[in-house]
Number of protein chains: 2
Amino acid sequence: MTRTAPPASPDDPRTLRRPAAETAPRRGRPRDAARDRAILDATLAVLTESGYRALTTAAVAARAGVSTATLYRRWSSKDELVIAAAATHIEDVRTQPDTGTLEGDLRVLLRDKAAALTGEAGRLMQALVGEAAQNTALADALTAAFLEPVHRRVGEAVRRAAERGQIDSVPDADLLGAVVVGPLMSRFLLMPRPDQVDAATAQATADRFLPFALRAVGAG
Amino acid sequence: MTRTAPPASPDDPRTLRRPAAETAPRRGRPRDAARDRAILDATLAVLTESGYRALTTAAVAARAGVSTATLYRRWSSKDELVIAAAATHIEDVRTQPDTGTLEGDLRVLLRDKAAALTGEAGRLMQALVGEAAQNTALADALTAAFLEPVHRRVGEAVRRAAERGQIDSVPDADLLGAVVVGPLMSRFLLMPRPDQVDAATAQATADRFLPFALRAVGAG
């Protein structure tokens with residue numbers, strides 16, 4: 001959340017990870033990455049222990065050993081803070097690598113998404129989804145930060161495959177993200193205790209969904 | 001939640017809608033369907049207004065015009081009450097009709113699921129999913145009441161299609177439910193305000209996902 005850095009382009013993955021960064025420029029401050037990180041870690045700890053509703057910026061500040069004024073200089077609202085903290089633990093918004101094949105592209109993407117939906121990240125996402133049901137601003141921010149980037153990645157991978165002639169172009173392309181990633185969400189987002197799923201299991205599950213995803217987009 | 005009815009068989013859809021009904025037999029009471037319904041409607045109203053955390057059985061009883069003792073004679077815990085109330089509004093657990101074709105079967109199923117994820121039912125499901133993140137008993141009950149029945153329906157439809165020779169039998173059949181229904185969950189469960197999606201839009205969205213589901217299970 002560096003206020004002095006040059007503005008990121010819309011395609012820069014940092015933009016995706018920090019949805020509120022460019023909405024409200026504020027007074028410059030020397031960068032203090034360690035303190036930022038301590039605040040975000042404290043946010044995650046309080047969220048995991050107490051849930052969204054019970055989280056207060058005062059509790060986060062106390063836990064991180066900073067003043068609430070310091071916290072508010074970096075994040076102007078509880079929602080902004082929570083989303084920034086979630087982004088540090090949810091790794092599914094990075095740029096899609098071009099592996100050269102649709103199968104390779106979707107394998108990487110599904111593995112990333114499975115990782116984001118399990119472990120502490122998965123538990124956190126469950127809590128945020130529940131809160132989003134009653135908090136439209138948070139729902140919009142989560143959609144922009146975590147759902148849309150993944151859907152873009154899917155769309156790009158499928159478009160490249162069609163350009164290479166590997167598959168026919170797909171009608172209803174706006175549904176592709178949900179088609180490819182939705183099954184993993186169904187598997188992990190509703191399960192009790194996704195934090196108890198280890199990384200190897202998450203990856204193996206992603207790989208089992210891959211053939212279905214390939215057939216669904218026309219590469220059977 | 002009729003205590004005097006004969007026990008339902010495990011395949012009876014009533015069993016699926018009333019997950020806790022057979023776990024704790026209690027003293028017989030004359031059936032009072034209208035009063036039961038008033039309590040469940042009050043539960044939904046309080047849930048929608050205040051969310052799960054803020055809901056108390058006292059508030060529900062007051063709104064329904066009954067004593068908390070009356071409420072507890074029917075439902076022995078807040079979780080049991082909430083799940084029973086949700087079941088009255090979520091229509092995705094009924095028995096899968098056999099339409100004679102895989103396309104027909106999956107069309108009905110996807111439309112049912114889309115209806116369950118939108119409108120008031122959808123908003124409620126969002127709130128429950130969020131609470132389930134911190135409540136393993138509720139997560140287990142939701143999985144048993146709403147996820148497993150749909151997955152069974154998908155499995156049966158695909159098995160019938162394989163028996164008719166319409167498709168090859170599918171490996172990793174345990175994933176079929178998530179493959180077919182997950183995209184709709186991805187579409188609606190994370191969206192802001194699914195209660196504002198009308199029934200016609202929900203059905204049209206289900207129909208757009210149908211070709212992807214058919215290809216995914218090998219009927220391209």
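## How the two chains are related

In this predicted model, chain B can be laid onto chain A by a rotation of 180° with 0.0 Å of shift along the axis, giving an RMSD of 0.0 Å. The two copies are therefore related as by a two-fold rotation axis.

## A salt bridge between the chains

Over all chains, the structure holds 24 salt bridges. One of them pairs B:Asp174 with A:Arg208, with the closest N and O atoms 2.6 Å apart. B:Asp174 belongs to the loop between helix 8 (136–163) and helix 9 (176–188) of chain B, while A:Arg208 belongs to helix 10 (residues 199–216) of chain A, so this pair joins two chains.

Both partners are partly exposed: B:Asp174 has a relative accessible area of 44%, and A:Arg208 has a relative accessibility of 25%.

## Salt bridges within a chain

In one, B:Asp36 forms a salt bridge with B:Arg74, the closest N and O atoms being 2.2 Å apart. B:Asp36 is in helix 2 (residues 33–50) and B:Arg74 in helix 4 (residues 68–74), so the pair ties together parts of chain B that are 38 residues apart in sequence. Both of these residues, B:Asp36 and B:Arg74, are buried.

In the other, B:Asp41 meets B:Arg37 at 3.1 Å, N to O. These two are 4 residues apart in helix 2 of chain B, about one helical turn. B:Asp41 is partly exposed at 35% relative accessible area, and B:Arg37 is partly exposed at 39%.

Chain A also has a salt-bridge network, which links A:Asp98, A:Asp105, A:Arg160 and A:Arg164.

## A buried aspartate without a partner

A:Asp79 sits in helix 5 (residues 78–89) of chain A. This residue is buried yet has no salt bridge, and the nearest side chain of opposite charge, that of A:Lys78, is 6.6 Å away. Setting aside neighbours within four places in sequence, A:Asp79 is in contact with A:Tyr52, A:Asn135, A:Ala137 and A:Leu138.

## Charges over rings

In chain B, B:Lys78 lies over the face of B:Tyr52, 4.4 Å from the ring centre. B:Arg215 places its charged end over the ring of B:Phe212, at 5.0 Å from the centre. As for aromatic pairs, the count over all chains is 0.

Methods. Residues numbered from 1 in each chain as written. Chains lettered and ligands numbered in written order. Predicted model: local features only at pLDDT ≥ 70, side-chain atom pairs only at ≥ 80, totals over all residues. Heavy atoms only, no water. Buried < 20%, exposed > 50% of the residue type's maximum accessible area, 1.4 Å probe, protein only. Lys, Arg positive; Asp, Glu negative; His and termini not counted. Salt bridge = Lys/Arg side-chain N within 4 Å of Asp/Glu carboxyl O. Contact = heavy atoms within 4.5 Å. Least-squares fit on C-alpha atoms with pLDDT ≥ 70 in both. Phe/Tyr/Trp six-rings, centres within 6.5 Å; stacked < 30°, edge-to-face > 60°. Lys NZ or Arg CZ within 6 Å of the ring centre and 35° of its normal.
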